[in-house]
Structure formats: structure tokens, C-alpha cells
Amino acid sequence: MHTAAAAIEVTDLTVAYHDTPVLWDVDVRVPHGVLMAIVGPNGAGKTTLIKAILGLVRPAAGQTLIAGLPYAQQRQLVGYVPQRGSVDWDFPTSVLDVVMMGRYGRLGWFRRPGSRERELALAALETVQLQQYANRQISQLSGGQQQRVFLARALVQDAQVYFMDEPFAGVDAVTERAIIGVLQGLRAAGKTVVVVHHDLQTVPEYFDWVTLLNVRVIACGPVAEAFTDEHLRRAYGGRIAFLGGGPSAEVQDAGHAGAPR
Ligand code: ADP
């Protein structure tokens with residue numbers, strides 16, 4: 001979908017928890033049809049940025065727009081895969097039901113999900129290679145499988161803009177490949193996908209757009225322009241191992257927000 005407005009437009013955004021700013025004067029403009037990583041040290045405000053865009057935290061200042069309008073008017077366009085740790089996985093429900101929940105926004109309040117919803121949900125489970133788990137309880141799946149169930153739920157929403165908070169956390173390499181394949185498929189279909197990501201080494205391979213964040217935006221743009229050693233140093237405050245030419249780093253716990261040097 002290409003409209004004059006950007007897929008995501010964040011302007012002068014400041015968010016504070018208990019009077020401590022965790023995002024400061026953030027400007028981010030994401031065009032339609034890109035696959036963007038948000039990177040930055042722990043506590044940099046990555047999750048908070050997504051939550052502010054989705055209206056889950058109230059900003060102290062600034063505005064956020066999805067395709068030119070506030071999220072409240074664009075819910076139908078937006079899919080969200082939260083951090084795995086923020087979900088109650090003991091909730092007694094089947095994998096298929098979790099995926100079908102992705103359709104509720106489209107169905108409205110009065111229609112119950114029917115065979116079409118079931119078909120769409122099964123197709124999405126097939127896309128994430130979990131069709132054989134459709135009738136399992138969600139609590140019985142591994143972490144990587146649960147992550148893929150939430151991805152399937154976002155897929156059936158048929159959104160235009162997706163936000164995924166650490167979809168690769170705790171998943172094995174095969175699952176990671178499967179997930180990135182799905183995300184690249186979404187981009188190929190013209191969707192905009194925003195991913196909180198921790199492994200700097202895979203950024204150039206997986207993504208075409210990147211935002212480097214550490215309370216403030218250090219850089220936001222095409223990977224080739226924004227993902228530079230200089231910007232990484234500013235985002236991570238020098239506590240990062242650069243190996244060879246391009247930016248490659250040990251990034252797990254490679255520093256914390258708040259004191260970039
Ligand atoms: P990131 O996703 O980059 O690790 P977060 O957005 O989760 O960073 O957090 C940014 C900062 O805000 C951190 O210092 C974190 O401790 C703080 N924070 C996050 N959520 C809350 C909350 N609900 N109440 C108070 N502080 C919070």
C-alpha cells in the first residue's frame with residue numbers, strides 16, 4: 001500500500017517513566033514496504049518506542065502516526081507480536097484458537113469465527129511450519145514454537161504494518177531462518193515490518209532499513225547509510241567488539257542505555 005504518508009511517522013516523541021525520560025525527542029520515519037530492525041543496548045527504549053506507537057504508553061510529548069493517522073484509527077492495519085516473556089503462556093487455549101484470535105478485529109463483535117477463519121488460521125500455521133500442532137495447548141509448545149504461533153496470529157490479521165518485539169529471542173537457528181523467511185515474504189508483499197533485534201551481525205543480511213536507538217535516535221534509514229561503525233559506536237557507547245571491516249559485534253548485553261560515550 002503506497003499512500004503519500006509514511007507507514008510510520010514518529011515526531012518529537014518523548015516518553016518518561018516516573019519522570020525519567022526513556023525516549024527523548026525521537027523522530028522516526030519509516031516508508032512503506034521495508035523490513036526494519038530497531039537496535040540499541042538494553043534499556044535503550046526499543047520496546048517503549050513500539051508501545052508508544054501502539055498507544056500502550058502515554059507520551060510526555062510528540063506524536064505517532066500509522067499511514068498518516070493515529071493508531072486508534074488504524075488498528076485494522078497493524079499487527080503486533082509482543083515479547084514472549086510478556087505473555088501468559090499458561091492460558092488454557094489451543095494453538096489454533098490463539099491464531100484465530102488474529103481474526104477477531106476483522107470479524108467484529110457479533111460474528112463467531114467460522115470455517116473460513118479456521119482455514120486461514122491453518123494456512124498461517126502451515127506458513128510457520130506448525131500445522132501439526134494446531135490442536136495442542138499453547139502451554140505445551142517450546143519457546144520458539146510459541147513465538148511462531150504469535151507470528152501466525154499476526155499473519156491472519158492481514159495487516160499492513162507489523163511490529164515484532166524480539167521474535168528471535170530463545171529460538172534456534174532453524175526457527176530463526178523460518179521466521180526471517182516469513183518476514184521477508186511480508187516485505188515482498190509490500191508490508192512494513194519493524195523488528196526489535198539483538199544480533200548486529202545479521203542486520204545487513206536480514207533487514208533493508210534500521211533505526212539505531214539509545215534514548216535518542218542515533219540514525220534511521222537504509223542499512224547501507226545508517227548502519228555504520230560510527231553510529232554503532234554512538235549507540236552502544238564503545239562497548240562493542242568490531243571485528244574486521246563492517247559492523248560485526250558481540251551484542252548480547254553489549255552495554256546499557258543511558259551513557260553513550
Ligand atoms: P529496551 O526495549 O531497549 O531494552 P525498554 O523500552 O524496555 O528498553 O525500557 C527502557 C527503559 O524504561 C528501561 O530503563 C526500563 O527499565 C524502563 N522501563 C520500561 N518499562 C517500564 C515501566 N513500565 N515502568 C518503569 N520503567 C520502565
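The following dialogue examines a predicted model of a protein chain with nine helices and nine strands.

Trainee: Why are helix 5 and helix 6 called roughly parallel to each other?

Mentor: The axes of helix 5 (residues 143-157) and helix 6 (residues 173-188) cross at roughly 10°. Angles under 35 degrees count as roughly parallel, and the two helices are therefore described in that way. Their axes come within 11 Å.

Trainee: Which residues make the contact between them?

Mentor: Helix 5 contributes Gly144, Gln147, Arg148, Leu151 and Leu155. From helix 6 come Thr175, Ile179, Val182, Leu183 and Leu186.

Trainee: How do these residues divide into nonpolar, polar and charged?

Mentor: Six are nonpolar, three are polar and one is charged. Gly is counted among the polar residues.

Trainee: What makes Glu176 a buried residue without a salt bridge?

Mentor: Glu176, which lies in helix 6, is classed as buried, a term that requires under 20% relative accessible area. The nearest side chain of opposite charge, Arg177, is 6.2 Å away. A salt bridge needs a side-chain nitrogen of Lys or Arg within 4 Å of a carboxyl oxygen, and Glu176 accordingly has none.

Trainee: Which residues is Glu176 in contact with, leaving aside its neighbours within four places in sequence?

Mentor: Glu176 is in contact with Phe168, Val171, Thr202 and Tyr206.

Trainee: What share of the protein chain is made up of buried residues?

Mentor: Buried residues account for 51% of the 261 residues. As for contacts with a separation of 6 or more, 66% join residues 24 or more positions apart.

Key. Residues numbered from 1 in each chain as written. Predicted model: local features only at pLDDT ≥ 70, side-chain atom pairs only at ≥ 80, totals over all residues. Heavy atoms only, no water. Axes fitted to C-alpha atoms, helices over the stretch in contact; angles between N-to-C directions. Helix = DSSP H or I, 4+ residues; strand = E, 2+ residues; numbered from the N terminus. Parallel < 35°, antiparallel > 145°, perpendicular 65-115°, else oblique. Contact = heavy atoms within 4.5 Å. Buried < 20%, exposed > 50% of the residue type's maximum accessible area, 1.4 Å probe, protein only. Lys, Arg positive; Asp, Glu negative; His and termini not counted.
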